[in-house]
Amino acid sequence: MYQKYFSRLESLFNYKSKNENVNQILKRGFCYSEFQNNKLLFIGINPSYLPNANIESHHYCIKKASQEYPKYFGKFRELVNKTKYENDWTYIDLFNFRETDQNKIKYFINNDLDFIVEHLKLTNEIINEINPEVIVVCNSGASNFFGINEKQGENVWLGFDFYFNEDFGVEIVNGLKKGSILKNTSEIENLMGKPFLFSSILTYLDVHSKKRLNWIIKKIGENF
């Protein structure tokens with residue numbers, strides 16, 4: 001499933017910016033997970049880039065990453081522990097450029113809006129193909145791109161229209177907002193009526209917040 005997106009990302013990352021900071025990031029290549037059609041989808045914002053990292057485009061195995069990098073990927077296993085999704089989860093990043101400092105996403109927003117928009121459209125396509133039962137966005141910066149923090153026509157981006165479900169304490173996809181970069185609800189067909197949980201980076205969540213998230217995920221799996 002994930003293999004076919006390599007060429008799509010390769011075409012996207014052939015983009016040339018007028019901003020040298022953007023080009024410096026793009027030339028590192030892209031990185032994405034070997035996502036599958038699992039029932040629970042975790043979404044981060046973008047892969048990091050370590051000083052000794054190779055300049056290359058590649059994909060990686062999520063299960064292997066959860067063993068080798070438990071500080072980050074191990075948190076996902078903790079959240080689905082003793083839920084129906086314990087062995088039925090996958091992970092993607094919203095963007096696939098390699099950069100540790102998430103504030104540098106502003107380089108793209110300020111200089112290369114077209115690149116960000118096209119990347120978001122591709123990611124939305126991937127999310128719909130995965131067709132998860134529940135989505136956990138585990139990065140407050142990534143949340144902005146779904147339209148949950150839209151204010152007076154700003155921060156719309158994908159522009160999902162949500163309503164809050166009082167029984168489970170989650171946001172449910174109800175359609176698209178005015179100003180969405182997507183054309184119509186057919187582009188989110190597999191996400192209509194699906195629950196979204198929005199969280200900050202799991203690494204920095206306190207134990208009580210993690211326990212609540214685990215409880216919500218468990219209840220959704222049992223009852224939603």
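Let's start with a term: two residues are in contact when they have heavy atoms within 4.5 Å of each other. Take the contacts in this protein chain between residues at least 6 apart in sequence: 73% of them join residues at least 24 apart. Keep in mind that this is a predicted model, where local features need pLDDT of at least 70 and side-chain atom pairs count only at pLDDT 80 or more, while totals for chains, interfaces and linings use all residues. Residues are numbered from 1 along each chain as its sequence is written, and side-chain values use heavy atoms, leaving out hydrogens and water.

**Overall build**
- You'll find 8 helices and 8 strands in the protein chain (DSSP runs, H or I of at least four residues for helices and E of at least two for strands, numbered from the N terminus).
- Along the principal axes, the C-alpha atoms fill a box of roughly 50 × 40 × 30 Å.

**What's inside**
- Buried residues (under 20% relative accessible area, with a 1.4 Å probe and protein chains only) make up 50% of the 224 residues.

**A closer look at Phe160**
- Leaving aside residues up to four places away in sequence, Phe160 touches several residues, including Asn124, Phe146, Val173, Leu182 and Phe196.
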